[in-house]
Structures are given as C-alpha cells and as structure tokens.
Amino acid sequence: MIESYICLVSIVLFIISMIVGRYIYSFEKKEKYNYLTMFPYEIKPKAYGLLITFRGLLALWLGVCSISSIYIFFINQYLLIEKVLTLVIVINAFLILSLFVVDMKNYKLHQGLAIFSSLFNIFIYLLLGYLGIRFAFTKYPLALTIISFVIALVLIVILLLPSLKNWYILKRDEEGNLTRGKIFPLAFFEWVNIISFVLFYLILGITFLFI
C-alpha cells in the first residue's frame with residue numbers, strides 16, 4: 001500500500017509543478033502555454049525567485065520519482081532486472097529535468113536529450129512488462145505486461161515518425177506569418193516523453209493498490 005502512496009505523491013508533485021509553471025508563463029507572457037507547440041524549457045520565468053521556485057518543484061518531483069523507484073525496485077529486491085530498472089528510471093529523471101533546462105541555443109544537445117529520454121522511457125516499459133511476465137499472478141499482474149508493451153510500442157512508433165526528422169520546419173497561417181502549426185513535432189514529442197514517465201507511476205500506483 002505504501003508503494004501506491006509514494007507513486008501518488010510523485011503524480012501530485014508533477015501536477016503542482018505544471019500548474020505553477022503554466023501560471024507563471026501566463027502571468028509573464030500574457031498568453032496561454034500550449035503543450036502541443038511549446039517546449040518544456042520555454043517555461044522559464046524571468047524573475048530569479050520564480051525560476052528557482054519552478055525548477056525546485058521539478059527537482060522535488062523527479063527526486064521523489066527516483067527515491068520511490070529505489071524503494072520499490074531496489075531495496076529488498078533480489079533480481080538484477082529490478083536493479084537495472086531502478087538505474088534506468090533515475091537516469092531518465094535527470095534527462096527529463098534537462099528538457100526543462102537546456103534550451104535551443106544548443107539544439108543538437110537538446111534534441112539528443114529528447115531522443116535519449118524517449119529511448120529510456122521505452123526501456124522502462126519493456127522492463128516493467130518483463131516483470132509482469134516474470135511475476136505473473138504473484139507479485140505483478142500479467143495485465144501489467146500488456147499495458148507496458150502497448151505503451152512501449154506507441155512510444156516507438158512516435159519516435160520513428162517522419163515528422164521528427166523535419167521538426168524545425170515552420171508553417172504559415174492565413175495571414176502568411178510563420179507559425180509552428182497546431183502541433184510542433186519535437187515539442188510535442190518531449191511532452192509525450194514526460195507524460196509517459198508520469199503515466200509509469202500512475203500504472204505502478206494502481207497496480208500496488210490492488211495486489
């Protein structure tokens with residue numbers, strides 16, 4: 001039961017971070033933040049105090065994610081696969097935090113971080129799916145495998161979308177002004193990675209609630 005509570009705390013912290021970040025952005029820019037076209041790093045408050053507050057919340061959220069994974073999969077667990085899963089989660093937490101910090105001044109680094117984060121997310125779900133098979137009907141339900149493999153497949157398909165290769169191409173609106181369009185591929189791709197990381201803890205929380 002305590003595992004479910006830990007996962008719930010991580011999800012709540014993420015929601016709080018996003019509410020605060022979106023409010024700060026709307027307050028400073030006088031416009032709404034668009035998750036379909038804008039990058040995570042663009043939630044960057046100008047005021048130093050607000051910047052520290054927002055990134056502090058992000059660090060707290062990802063810190064709780066890392067600690068919870070260590071508690072759930074590392075402490076008192078005996079399989080190497082669980083140790084590896086813990087390591088992958090902790091590394092991906094740092095990668096996700098970097099998406100909120102590293103801007104497009106070094107676009108190759110930023111794009112590389114996004115791709116690696118996606119690969120780590122895929123690896124996380126594949127490992128979780130394997131655990132569902134390994135401990136079917138004992139420690140983890142077999143349904144966990146199906147859900148994990150489906151999400152991993154969706155992430156793989158998104159990663160291979162042709163639009164990601166030409167993500168930087170802008171479109172023109174009705175007035176002829178350059179715009180990112182309704183969906184800006186790389187920005188949307190990064191938010192998909194972030195949400196899939198959060199979804200991992202939601203799935204875990206529900207799993208431990210019923211086993």
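Predicted model: local features only at pLDDT ≥ 70, side-chain atom pairs only at ≥ 80, totals over all residues.
A word on conventions: local features need pLDDT of at least 70, side-chain atom pairs count only at pLDDT 80 or more, and totals for chains, interfaces and linings use all residues. Residues are numbered from 1 along each chain as its sequence is written, and side-chain values use heavy atoms, with hydrogens and water left out.

Let's start with helices α3 (residues 80-99) and α4 (residues 107-134), which pack at an angle of about 150° with axes 9 Å apart. Axes here are lines fitted to C-alpha atoms over the stretch in contact, with angles from 0 to 180 degrees between N-to-C directions; helices are DSSP runs of H or I, at least four residues, numbered from the N terminus. The pair is therefore roughly antiparallel, a label for angles over 145 degrees. Contact means heavy atoms within 4.5 Å, and the residues involved include V88 and L95 of α3 and F116 and F120 of α4. They divide into 18 nonpolar, five polar and one charged.

Now α1 and α2: their axes come within 9 Å and cross at roughly 165°, so they too are roughly antiparallel.

Finally, the largest nonpolar core has 61 residues. Such a core is a set of buried Ala, Val, Leu, Ile, Met, Phe, Trp, Tyr and Cys residues joined through side-chain atoms within 4.5 Å, buried being under 20% relative accessible area with a 1.4 Å probe, protein chains only. W61, F73, F197 and F200 have the most contacts inside it. Helix α6 (185-210) gives the largest share, 13 residues. Beyond its neighbours within four places in sequence, F73 touches, among others, L85, I89, L131 and F200.

Definitions and conventions:
Helix = DSSP H or I, 4+ residues; strand = E, 2+ residues; numbered from the N terminus. Parallel < 35°, antiparallel > 145°, perpendicular 65-115°, else oblique. Nonpolar A, V, L, I, M, F, W, Y, C, P; charged D, E, K, R; others polar. Buried < 20%, exposed > 50% of the residue type's maximum accessible area, 1.4 Å probe, protein only.
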